[in-house]
Every structure is written in structure tokens, then in C-alpha cells.
Amino acid sequence: MYLHYLSVRNSGPVRQLDLEFTFNEDDTPIPHVLVGRNGSGKTNILSIVADALMQGASSAFSDVLAPMGVGKSYFRILGGPTTTYQETYGVSVLKFREASQTIFFHEKSGEIDSDLARTTLPEVMHEGITWSGSAPSKAVQLDDDRARNIFENGVYVYFPSSRSEKPSWFNEGSIITDNFDLKDQYRQNLGRPLFVEHGIEDFAQWLLGVLTESRLAVDPVLFDAGETSEVLLRADTTVYSTATRTLGLANQILQTVMDDESATFVWAGRKNARKVGVISESGLLAAGLDSLSGGQATLLALFGTMLRYADAAELEPETVPGIVVVDELDAHMHIDLQLRSLPKLISLFPKIQFILSSHSPFFALGMERQFSASGVRVFELSSRMPVSAEAYQEFQNALNAFRETERFGEVVQQAVQSGNRPVVFVAGQTDLRYFQTASNLLGYPDLSIMFDWIGKDDPLGGSFTGDASLDQMLKFLKANPSFPARTVVIVYDCDAKARRESFQSVHVLPLIEVPGAHCEKGIENLLPSSVFTADVFDTTERKTGYGATNTIRSLNKALLCERVCGNEAQASTFANFAGVLAEIDTIVQGGTEPEPG
């Protein structure tokens with residue numbers, strides 16, 4: 001069973017939404033990701049889908065929804081807080097298809113009869129308008145036998161945003177410890193909760209049975225020579241074959257989560273309270289599943305639950321159908337898990353319809369990378385339009401910020417670890433040229449090759465310039481104190497208001513302002529007034545709109561630098577560089593470090 005169409009009117013923050021779900025040419029479902037700012041209605045929409053599944057399954061099974069009187073409790077409250085503020089009614093109709101048959105679900109409250117509903121809902125949903133009068137109504141067109149066939153032979157589950165897994169440091173106290181699942185199976189019980197907040201413990205209990213069935217039985221055998229040896233004597237080949245296949249699938253999920261192709265689940269021993277551990281070629285990765293990181297445990301709970309439900313249906317992940325609804329899928333997960341692991345894990349269940357919500361640009365981009373732009377549908381709730389991951393502005397802004405931060409870290413790492421000799425970082429390309437020229441003219445030729453600027457080797461064009469980039473570099477080095485394996489000096493312009501300081505092998509030197517200089521800011525403050533001739537300034541005229549013109553005179557820094565540092569460069573021009581060069585020379589020679597300011 002798959003969801004094909006959804007129409008919502010006046011439900012929570014969503015006043016109107018008509019969403020058609022798309023499929024591949026072979027009729028396999030395309031993953032759908034709902035995006036949008038907080039308050040746009042993502043959780044509300046997903047809860048309606050989950051409600052339809054709950055109502056459908058409860059038609060045949062008594063362990064899905066709690067009993068209330070002669071009926072069952074509703075998963076979603078009907079009316080009241082679920083109706084849009086100041087609206088007189090709310091209605092939602094969902095159209096599912098199972099094989100060639102159509103299944104409708106509806107919930108409606110307030111002043112809307114079937115005639116009014118037909119004027120506000122699209123014609124494709126009219127068949128699902130089955131209520132009469134204006135009384136509140138909630139129903140799914142599904143009889144017991146069809147419900148039993150659908151939910152016993154597929155994976156249907158809702159993971160809310162409130163899901164979490166207990167870490168190993170949490171004192172479980174009165175919480176039940178891991179045991180084998182000893183619950184009797186009754187025909188009226190589905191045995192697979194559709195609402196799953198915590199999945200790692202149930203997955204571990206199920207995995208204990210898989211590990212047990214995949215172990216071969218051995219017995220001692222007496223040989224002619226009188227020696228006894230243990231050899232394979234008996235095994236239920238059908239059970240063993242099925243269990244090892246299932247264990248292999250569980251390990252495949254684990255390896256994707258851990259990004260380790262050798263990671264496997266192991267029996268930790270009967271004296272180990274956690275029972276199930278994780279090992280790899282590099283050794284023990286986790287003594288118990290509660291020792292995994294929050295993101296890893298969340299992923300394992302999600303896809304381990306799906307594998308467990310597929311196993312209960314006696315189907316493989318690549319063949320099991322179903323609907324999996326996950327709210328805030330990226331919650332608790334590192335960027336790498338969102339970008340790499342999640343899309344790969346979703347691809348293991350190609351016949352499950354994933355209906356998801358996310359705030360993460362990395363997950364959306366990872367999905368497009370795994371399935372192609374046409375193989376995933378990202379739907380922006382605020383605009384009611386499908387978008388690409390990069391077209392969604394909130395995603396793009398976050399991605400750009402991450403790319404800049406990640407790239408800057410890579411540039412810093414490359415710069416500080418690219419050699420053994422000391423390095424002196426300045427704010428930009430012209431600063432570099434000035435200091436190199438001054439070093440050669442003032443008797444410090446060895447220093448000239450030590451100067452560098454942080455953006456010089458950036459493959460995307462050297463965009464990291466100025467004192468702001470030096471600030472970011474300083475923060476990066478403070479956060480990674482073991483990073484620089486050589487002496488690093490960071491020289492700030494006089495107007496940067498930097499503080500003189502030293503830590504590990506890093507030294508910060510702010511330039512001292514030259515009073516009365518032609519320029520009050522930048523490296524140009526160290527230059528004499530005589531170099532600032534009229535031809536190193538650019539003039540731009542701008543009309544004010546009131547019949548006048550403003551003339552803007554700006555320094556052409558590149559031209560000035562070329563003029564001052566060219567073939568006719570003179571030592572006298574760089575007299576104000578002498579003090580800082582002497583101080584840098586002392587530091588790189590292993591002398592006195594600068595006193596903190």
C-alpha cells in the first residue's frame with residue numbers, strides 16, 4: 001500500500017495543501033522530503049499520514065491503538081487544537097492504493113458537510129468524501145482482511161521527532177534490561193508498533209535471536225587414533241541459512257552507519273549485560289549498542305526496526321513494501337551521516353515509500369546524489385512547490401556557510417603543516433609583497449621566504465583575505481592546539497585591534513600605528529607620505545539625484561604596491577618595517593616571545 005494523494009484544509013498551520021506523490025517508471029515509490037521553516041506544518045502533515053496508518057492497522061489488530069469504550073482511541077485529536085485558528089472546520093483526505101484497489105482515509109471536524117467538501121477538495125479526492133452531515137468524523141475504507149494482509153506483509157511505521165535512544169552512561173535503574181523477546185504471538189496482535197520512539201533495545205533483542213540461529217552446533221567426535229576433536233555434526237540448514245542472510249543484512253546496515261566495511265554484530269557473552277556488541281578489523285567498536293553515538297544509535301534504530309519488520313513479514317529489504325514516516329530525520333545526526341549514510345540506507349529499501357521531514361541541506365543534497373534530482377522529491381511547504389535541494393534558499397545558505405568553514409579549515413591545515421620552517425602569516429597579497437620586499441632591503445633575506453597569506457593556495461581563488469580571516473585562523477589554531485608542528489607568527493594590521501599573545505608555537509603580533517602617517521589603516525600606515533602621489537588614486541563620480549555630483553577618491557592598493565615594491569624599491573621607503581621585522585626575526589630564531597598585551 002502506498003500513499004498517492006493528500007489534501008488538507010485548515011489543519012494546524014496548513015490552510016490548504018494538495019500533494020500528489022510520485023513514483024518511478026517501474027512503480028517503485030520516490031522518497032519525499034518535506035522542508036520549510038519551523039511552524040510551516042511539516043510535523044502536522046506527517047502526523048496525518050501516521051494517523052491514517054494507525055486507523056488502518058487498528059481495523060484488524062488490537063495492539064495498535066488503545067481501546068476506548070466500544071472503539072479505539074484516535075492517534076490524532078479530532079478538532080480543537082488541530083483545526084487552524086479562527087477557522088470553522090478542518091478536513092484531510094488521503095488516497096492510498098494497494099495493488100489495483102483504492103483506499104481512502106478522512107478526518108474532518110467542524111462545519112463542513114460532504115457538499116461543501118466537494119467544492120473545496122480536488123475532484124480526485126471526491127470518492128473519499130464519505131461522511132454525512134456536519135458531525136466530526138474519522139474513518140478509513142479498509143476491511144479487516146485487507147488490513148491484515150497489508151500490515152502483516154509490509155513495513156509500516158512512524159518515527160516521531162521525539163524519538164531518542166538511551167546512552168550507555170544513563171542509569172537505567174528500574175528500566176527493563178535486554179532479554180529475548182518471549183511475547184506470545186496472537187492473531188489479533190500485529191506485534192510491530194507503528195509508533196516508534198525508542199527502537200535500539202527491541203532491535204538488540206531481535207538480533208540476539210538472529211545471532212543464536214546463525215551459530216553452528218558442534219559436538220565432540222572420537223577418531224580412530226583415540227583423540228577427540230570438535231567438528232560440525234548437526235545444523236538446521238534452513239534456519240541457519242535464513243539467519244546468516246538476515247545477519248548479513250543487519251551487518252550491511254551497521255557498516256553503512258559506522259562507515260566501516262568490516263564492522264559486524266557479535267554475541268558479547270552471557271555475562272555481559274548488553275549481550276550484543278560491535279567489532280571490526282580494528283578491534284572492539286562498541287561494547288553494547290547503547291555505546292554508539294547518538295546519531296549512530298538513531299540510524300540503527302530506524303533502519304534496524306525496518307529490517308526487523310521486514311523479517312517478521314518474511315521478506316527481504318529489497319522486496320518488502322510499505323510506508324515509513326520520519327519526522328526530522330536529520331535530528332541527532334552529524335553532517336556526514338546526513339549526507340552519506342542516510343541516503344544509502346534508504347536505498348536498501350527500494351519498495352518502501354519514505355515520507356520524511358528535514359531541516360538539513362546536506363541530507364537533501366545527499367538524497368539527490370544517491371537517487372538523482374528526479375529520484376527524490378523535495379517539497380517546500382511554505383511555497384507549496386517542489387524544489388531542488390540547492391534551490392531551497394535556507395538549504396543553500398547553510399550549505400554555503402558549511403563549505404566556507406570546511407574549506408577554510410582545509411586551507412589552514414595545509415598552510416600550517418606544509419613545511420618545517422617557521423611561517424609568518426599576513427592579511428593579504430599586498431601585505432605579503434610589502435613584507436618580502438622590506439625583508440630583502442633591510443637585511444633580513446631569510447625572512448622573506450617565510451611570509452605567507454592564508455588564502456594564497458585556496459583552489460577556489462584565494463577568497464580568505466583581511467584581518468577577519470586571520471581572526472578565523474587564530475580561532476582555528478586555538479581550537480586545535482596540537483595542529484602547528486612549527487613556529488607560526490600572525491601579523492595583524494594596526495587597525496585590527498588584535499592582542500599580543502602566544503600559545504604553544506603560535507605568536508600574535510599586531511602592528512603599532514605610525515602617528516601622523518598618510519594612511520591611518522592597513523599595511524599602508526607604515527609607508528611614508530611621499531609614495532601617495534595623485535596617480536595611485538582612482539576617482540569615481542556619482543550623481544546625487546539632486547543635480548549635484550559626488551566625487552569619490554579611493555586608493556588603488558594594487559597599483560601602489562607595484563609602484564613601491566618594483567625594481568626601483570628603496571630601503572628608506574620601508575623604514576617603519578624595521579621594528580616588526582626585528583621582532584619576527586627574534587621569534588623565528590627561538591628568542592624572546594612577545595609579551596601578552
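Visitor: How many bridges join strand β1 to strand β6?

Guide: Keep in mind that this is a predicted model. Strand β1 covers residues 2–11 and β6 covers residues 89–98, and the two run antiparallel. Across this pairing, Leu3 stands opposite Phe96 in β6. The number of bridges joining β1 to β6 is 7.

Visitor: Which strands stand at the edges of the sheet?

Guide: The sheet is open and has 5 strands with antiparallel pairing, in the order β2-β1-β6-β7-β8. An edge strand has a single partner, so one side of it is left without a neighbour in the sheet. That applies to β2 (14–20) and β8 (137–140).

Visitor: What angle does the direction of helix α1 make with that of β1?

Guide: Helix α1, residues 42–57, packs on the sheet and touches β1, β2, β6, β7 and β8. Its direction and that of β1 make an angle of about 120°.

Visitor: Are α10 and α13 roughly parallel or roughly antiparallel to each other?

Guide: Helix α10 (residues 429–441) and helix α13 (residues 557–565) pack with their axes 10 Å apart, at an angle of about 15°. Angles under 35 degrees count as roughly parallel. The two helices α10 and α13 are therefore roughly parallel.

Visitor: Which residues of α10 meet α13?

Guide: On the α13 side, the residues include Leu560, Cys561 and Val564. The residues of this contact divide into 6 nonpolar, 2 polar and 3 charged. From α10 come Thr430, Arg433, Tyr434 and Thr437.

Conventions
Residues are numbered from 1 along each chain as its sequence is written. This is a predicted model: local features need pLDDT of at least 70, side-chain atom pairs count only at pLDDT 80 or more; totals for chains, interfaces and linings use all residues. Side-chain values use heavy atoms; hydrogens and water are left out. Axes are lines fitted to C-alpha atoms, for helices over the stretch in contact, and angles run from 0 to 180 degrees between N-to-C directions. Helices (H or I, at least four residues) and strands (E, at least two) are DSSP runs, numbered from the N terminus. Angles under 35 degrees count as roughly parallel, over 145 as roughly antiparallel, 65 to 115 as roughly perpendicular and the rest as oblique. Contact means heavy atoms within 4.5 Å. Ala, Val, Leu, Ile, Met, Phe, Trp, Tyr, Cys and Pro count as nonpolar, Asp, Glu, Lys and Arg as charged, and the others, Gly among them, as polar. Two strands pair if DSSP finds at least two bridges between them.
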